[in-house]
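Hi,

Here is the structure I promised to pass on. Have a look at it first, and then read my notes below.

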Amino acid sequence: MVKEQYDIGGMTCSACSARIEKVVSKLEGVQSVSVNLLKNSMSVSYDKSAVSDAQIIKRISDIGFSASLQKQKATKVQVRGEKASDPAAAEMQKMKMRLIVSAVFAIPLFYLAMGHMLEWPLPSILTGMHNSMIFAFTQFLLALPIIVVGNRFFKVGFKNLVKLSPNMDSLIALGSGAAFAYGIYAIYRLSWGFSIDDMDVVHAASMNLYFESAGIILTLITLGKYFEARAKSRTSDAITKLMDLAPKTAVVLRDGAEQEISVEEVISGDILIVKAGDSIAVDGVIVEGTSSVDESAITGESLPVEKQPGNKVTGGTINKTGYFKMQATAVGENTTLAKIIQLVDEATSSKAPIAKLADKISGVFVPVVILIALAVGAIWMLMGNSFEFALAITISVLVISCPCALGLATPTAIMVGTGRGAANGILVKSAESLEVAHGIDTVVLDKTGTVTEGKPVVTDIVAVGVEEEHLLQVAASLEKMSGHPLADPIIAKANDCGLELLDISEYELLVGQGIKGILHQKTVFAGNIKLMHNYGVDLGEYALQGDKYAKEGKTPLYFAESDKLLGIIAVADVVKPTSKDAIEKLTNMGIDVIMLTGDNAKTADAIRDQVGLKKVIAEVLPEDKEREVRALQDSGHKVAMVGDGINDAPALARANVGIAIGAGTDVAIESADIVLMKSDLMDVPTAISLSRAVMRNIKQNLFWAFIYNIIGIPIAAGVFYLAFGLLLNPMIAAAAMSFSSVSVVSNALRLRFFTAK
């Protein structure tokens, strides 16, 4: 069984991707198929002995789409550099130009068409019965560029219709095409009216122009397509930023000399030199020296980890302090960073389990309407009526079934909903993610920077026999020499208190214990409980106090002068003020909340107790986070992942909806579907509530879009003509269609008043 990736061309909506999946899955030997509409790609697992690449590509081609096997990608970390040409970005630019051209002509077209009805001022050359031909032909000329620039809707729509796989483009093509065609027909009738000097015909024809319907439909749909193309152009940014984590060069010890070489030239077994501040190039083991390594990009651990000979180090992490030599054990595509990149790529290529309701209905609705229109026209002709009479009824059925309201039902609600979200600091990156979010039943939270502030601060100061200010002054004076990450919050606290830092002499780093130095001719110490014991400092009851801080997820630092304890300063990554309320609100919404973290179990349990969580999973690596999310999905859950770090990127991409904290890394933001710009966890329940409101609105819109068709199609077909002489002409049919659009847009605008409950 092999798994291959294919590039797919010609897809425009979820009906297209659904049809491709259905057709390919029926091929013998195919185990699974996943089509990603956003990336125009398809992943297929199949038995090569039963079906070939060529057969799969031919089958896709047979139903009207193009397909090609993706070229094998180079090692992810090795393809860093300039970004290759992006087809999605090019498509976005083309769609933007189409939108601009369409809007330039649609605005005057709408003004002209509606001007006489709303008594807007119009040039005299466009008013009056004698200028009807100028009035009609001007509308035709304004609508024509919109039709030309939007020709892809007609090409794709009718192509899929011929292939018996109608989609939204088919609806757009039929609706706008019918309106435009009837407008041209009306011009001919108008000309004929003038030729026979029949002003009644002229008046009727000039009032039955539908060029504005065709133009406005295409313009609004193009607007939605532009936003879709813009979302597609951003899909590769997350992987690009992940690649940038790996340094371009590494310092290698060869033949007894240091050489700076390209990372691609590093081989397993090489000895690398890593200085303070350098990024670690590849995975390996320290063979000489000590250091403090910031592994937050990989593990999510907020505090740097002390490293000694024999300890493993990971490529993409940062050497904060110290100097060491390491032996490379994993290079290229085998590094942890490369595997994370692969996870993100695979996750973004997978398909979210959502189907657009309008596309599902359109697969049945379009052929049914066409059959009804043709059948009705044929019946009226068989009953002895003229071709013109039958044609008018046929067009009336098509016009009243115009998909304008159906096409507007989803994008208008999405646009208003995303606009309302942006006003509240919730940036929704795609319409699909807003739709998917309404079904979320499980929220997975990262700890560091999401539930907590993401940086350590001083939480407790316990002075023993001295003033707090004196303890803090001595502590900060010592810590300023260390460069240790835990020193930063202590120094910051001293600065906030306006304390002057003192000079320390004979400074010494005690590996694995702490630091010491001379202050006022006395030895002062800073470090852990082991350091205190080794230098005979009696902790007494304060040892229990330190244990208490540790159980609360804090890091206790002991300070002593000679053999006398000066006190304890506890440092911790504190919980954000709104985290507890946000978790409680999610729980009240019927959503399960789980916290995943790379921190140790003791710290995780302490955070759990503070915020009221029921479940936490600690000491997990990035692939573990992604695996946990996938396991939840496999068990039938719709999962939202909330995180802020690079280490969260695979899980963010894998989740049904990835939610990034705005203050987090660029990679997390690019991997996510929703970004919380205010970095407030309370915006998570707000985003889900907004999604639910939008989905309710969409279903209401679809109801209104179809109720007019259900009522109008029989009337347009002439069911009341024989009994009551009532016949729905195309003008009234268009008015009904327009009213359905107005009702849909008005309903969507109600979302502007959305507030989180």
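Helices (H or I, at least four residues) and strands (E, at least two) are DSSP runs, numbered from the N terminus.

Keep in mind that this is a predicted model, where local features need pLDDT of at least 70, side-chain atom pairs count only at pLDDT 80 or more, and totals for chains, interfaces and linings use all residues. Residues are numbered from 1 along each chain as its sequence is written, and side-chain values use heavy atoms, with hydrogens and water left out.

First, the overall picture. The chain has 28 helices and 24 strands. Of its 757 residues, 52% count as buried (under 20% relative accessible area; exposed is over 50%, and partly exposed is in between, with a 1.4 Å probe and protein chains only).

Now the helix pair. Helix α17 (residues 468-479) packs with helix α18 (residues 487-496) at an angle of about 135°, and their axes are 9 Å apart. The two are therefore oblique to each other (under 35 degrees counts as roughly parallel, over 145 as roughly antiparallel, 65 to 115 as roughly perpendicular, and the rest as oblique). Which residues make the contact? From α17 they are Leu472, Ala475, Ala476 and Glu479, and from α18 they are Ala487, Ile490, Ile491, Lys493 and Ala494 (contact means heavy atoms within 4.5 Å).

Next, have a look at helix α20 (residues 542-551). Its buried residues are Ala543, Gly546, Tyr549 and Ala550. Seen down the axis of α20, they fall within an arc of 115°, so they line one face of the helix (the arc is that of the directions from the helix axis to the C-beta atoms). They pack against β14 (457-463), α19 (529-534), β18 (555-561), β19 (564-572) and α22 (601-611). On the face turned away from the buried side, α20 carries the exposed residues Leu544 and Lys551. After α20 comes Gly553, with a positive phi near 85°.

Is Glu561 buried or exposed? At 18% relative accessibility, Glu561 counts as buried. Leaving aside neighbours within four places in sequence, Glu561 is in contact with Lys522, Thr523, Val524 and Leu566.

Cheers

Methods:
Axes fitted to C-alpha atoms, helices over the stretch in contact; angles between N-to-C directions.
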